[in-house]
Amino acid sequence: MPTYSDEAVVLRTHKLGEADRIITMLSRRHGKIRAVAKGIRRTSSKFGARLEPFSRVDLQFAIGRTLDVITQAVTLEPHSDELGQDYRKYTAGQAMVETADRLVAEEREPAVQHYLLLAGALRVLQSGTRDGERAPSLILDSYLLRAMAIAGYAPSFVDCARCGLVGPHRAFSPTAGGVVCEPCRPAGSSRPNPETLALLSALLEGHWEATRDQPAVIMAEASSITGGYVAWHLDRNLRSLAHVER
């Protein structure tokens, strides 16, 4: 039986028959994969807890007729253990894997940027940024904005998203793609605090030094804008976001 190997982040699982599970994962070289882990629900399973959501694993697959079969799994980063013990980190992680699942819609289509971003975001969520600990909601917002940028929906937080007029500008519109100048401002655009727009810009660019000591009201407004922007471009809300503490 032909085989192949890849590393992947587990996105979700669901039961199959009496003892198996179907594992949906985002892999480095093969994009999104759905594969069967046989016997994983038995106490004697050779996989143990290695194929839980958030875990980054090195896998070997056997090619099957409909779904491939996982024949070997080696843990690279067991994020599921630590994130599962912290509600704020767990819910933020759930929103991350749901977003990756939604943005990488086609199976077997290479999505290395999405894979690297997700793997890095889960690592930061567990261990902190290079500039120290940050609230899980801030790490989630950074991931969401950067994931949308990879998908081709990068928001603008400085120059006008419609005409390109050099900013900064005050009005923000998800439908327009970010901040807009007054002539381009659609009806219903919001006017976020300038500090919120500066925070969003830092989160999009991964400048963690600029996210230190943010007031709760600014972080809440940034999360609201991020959630609305993602919902608009995905055509519906992420179910996991309702459980994230903002």
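Mentor: The model is a predicted one. In that numbering, Ser 156 sits in the loop that runs between helix H4 (136-150) and strand S6 (171-173). Ser 156 counts as buried because its relative accessibility is 18%, and the limit for that class is under 20%. Its side chain reaches the backbone oxygen of Asp 159 at 2.5 Å. Leaving aside residues up to four places away in sequence, Ser 156 touches Ala 161, Phe 172, Gly 177, Gly 178 and Val 179.

From this site we can turn to the pockets. The largest pocket holds about 330 Å³ of space, and of its 15 lining residues the closest to the centre are Leu 11, Arg 12, Gln 94, Val 97 and Glu 98. Strand S1 (3-16) and helix H2 (87-103) are the elements that give two or more residues to this lining, with H2 giving the most, six residues.

The largest share, six residues, comes from H3. Among the residues that line this pocket are Leu 116, Val 124, Tyr 143, Arg 146 and Trp 208, and the lining as a whole divides into eight nonpolar, three polar and one charged.

Charged side chains also pair, and the whole structure contains 14 salt bridges. One of them joins Asp 6 to Arg 29, with the closest N and O atoms 3.7 Å apart; this pair links distant parts of the chain, 23 residues apart, with Asp 6 in strand S1 and Arg 29 in the loop between strand S2 (20-27) and strand S3 (31-37). Asp 6 counts as buried because its relative accessibility is 1%, whereas Arg 29, with a relative accessible area of 48%, is partly exposed.

Another salt bridge joins Glu 77 and Arg 123 at 2.7 Å, N to O, and it links strand S5 (residues 68-77) with helix H3 across 46 residues. Here Glu 77 is buried, at 13%, while Arg 123 is partly exposed, at 36%. Both residues belong to a network of salt bridges that also includes Glu 7, Arg 28 and Arg 56.

How values were computed:
Residues numbered from 1 in each chain as written. Predicted model: local features only at pLDDT ≥ 70, side-chain atom pairs only at ≥ 80, totals over all residues. Heavy atoms only, no water. Helix = DSSP H or I, 4+ residues; strand = E, 2+ residues; numbered from the N terminus. Buried < 20%, exposed > 50% of the residue type's maximum accessible area, 1.4 Å probe, protein only. Polar contact = N/O pair within 3.5 Å; in protein donor to acceptor, adjacent residues only side chain to side chain. Contact = heavy atoms within 4.5 Å. 1 Å grid on protein atoms, 1.4 Å probe; cavity = no way out; pocket = protein on both sides within 12 Å on 5 of 7 lines; lining within 4 Å. Points joined across faces, edges and corners; volume = space filled by probe spheres on them. Nonpolar A, V, L, I, M, F, W, Y, C, P; charged D, E, K, R; others polar. Salt bridge = Lys/Arg side-chain N within 4 Å of Asp/Glu carboxyl O.
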